[in-house]
Amino acid sequence: MGTLHPLRDIVLQCLENDPSRRPAITKLIWDLQRNEGSHKRIELKIAILGNSGVGKSLLIKRFIDKDIPQEFVKSTIGVEQQSVPLQIGNQLVNLRIVDPAGQERFDSVAPALFRGSHGAFLVYDVSEPRTFTALQKHMQFIETACGENVKVMLVGNKKDLQRRVEFERAQSYAGLNDMEHLEVSALTLENVDEMFERLASKILDSLDTSDVRILETSLSQQQSRIHLTDEGLGSQSGSTRCNC
């Protein structure tokens with residue numbers, strides 16, 4: 001299934017009968033510039049690691065769709081990759097998040113999946129001390145598979161529950177490993193947006209101009225074809241009509 005043309009929504013908004021529902025000229029110019037490539041989007045590869053049950057998948061799903069019920073998000077089986085669009089200042093970013101299976105299947109995950117990651121979330125459950133003591137194994141995996149320049153953020157999830165991992169203990173661990181520390185709640189959404197924005201900002205701050213150009217070129221090569229409708233143009237033999 002193809003994707004809708006990125007200018008489709010802009011055109012439909014401009015055709016609204018009610019002038020109050022038409023986009024402002026500044027927003028229109030921004031959208032047109034973005035889709036013609038004046039504001040290029042770069043892709044950052046992010047690993048998210050931690051024991052099974054700490055809420056890694058829920059954090060991603062709730063960031064993408066804040067209305068999704070918790071019970072609809074199941075534990076990851078195998079490896080899942082999520083694409084998360086984000087804007088940091090004037091820079092459009094696409095976070096490609098690699099979400100592996102939990103601890104019980106961790107050793108079977110191929111390190112090649114995480115090679116070249118620009119950043120990583122190291123997630124534990126503030127209500128379950130065992131998930132915190134297991135962090136060192138995940139940290140060693142990050143250092144081995146993701147490379148020495150990867151930016152890591154320590155994330156304590158489920159801060160809405162009764163605390164069993166002291167904040168100071170986690171803060172100390174983060175300091176020893178030169179990473180930021182943030183407590184969040186996938187249930188209440190507290191600090192979930194900030195979690196993704198802060199890591200993306202830290203990675204962007206570490207990139208020089210040549211790094212950004214390489215990432216822009218790589219992403220543009222992946223996006224070589226855009227379909228105007230869900231079915232795509234000419235997807236059926238002899239079809240010449242456009243359904244946009």
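**A strand, a helix pair and the core between them**

R41 stands opposite L92 in β3. The structure is a predicted model, in which local features need pLDDT of at least 70 and side-chain atom pairs count only at pLDDT 80 or more, while totals for chains, interfaces and linings use all residues. Residues are numbered from 1 along each chain as its sequence is written, and side-chain values use heavy atoms, with hydrogens and water left out.

β1 and β3 pair in the parallel sense over seven bridges; strands count as paired if DSSP finds at least two bridges between them. Strands here are DSSP runs (E, at least two residues) and helices likewise (H or I, at least four), numbered from the N terminus. β1 also pairs with β4, again in the parallel sense, over four bridges. In that pairing, I48 has F121 of β4 as its bridge partner. Eight of the nine residues of β1 are buried, where buried means under 20% relative accessible area, exposed over 50% and partly exposed in between (1.4 Å probe, protein chains only).

Beyond its neighbours within four places in sequence, F121 is in contact (heavy atoms within 4.5 Å) with I46, A47, I48, L49, M153, V155, M195, F196 and L199. The largest nonpolar core has 30 residues, and those touching the most other members are L44, L95, F121, M195 and F196. Such a core is a set of buried Ala, Val, Leu, Ile, Met, Phe, Trp, Tyr and Cys residues joined through side-chain atoms within 4.5 Å. At least two of its residues come from each of β1 (41-49), α3 (56-64), β2 (80-88), β3 (91-99), β4 (119-125), β5 (151-157) and α7 (192-206). The most come from α7, which gives seven. Another core, of 23 residues, lies apart from this one and includes V98, F141, A145 and V165.

α3 is mostly covered, with seven of its nine residues buried: K56, S57, L58, L59, I60, R62 and F63. Among the elements covering these buried residues are β1, β2, β3, β4, β5 and α7.

How do the axes of α3 and α7 cross? They come within 9 Å and cross at roughly 95°, the axes being lines fitted to C-alpha atoms over the stretch in contact, with angles from 0 to 180 degrees between N-to-C directions. The two helices, α3 and α7, are therefore roughly perpendicular to each other, a term for angles of 65 to 115 degrees. L59, I60 and F63 of α3 make the contact with V192, D193, M195 and F196 of α7.

Notes
Parallel < 35°, antiparallel > 145°, perpendicular 65-115°, else oblique.
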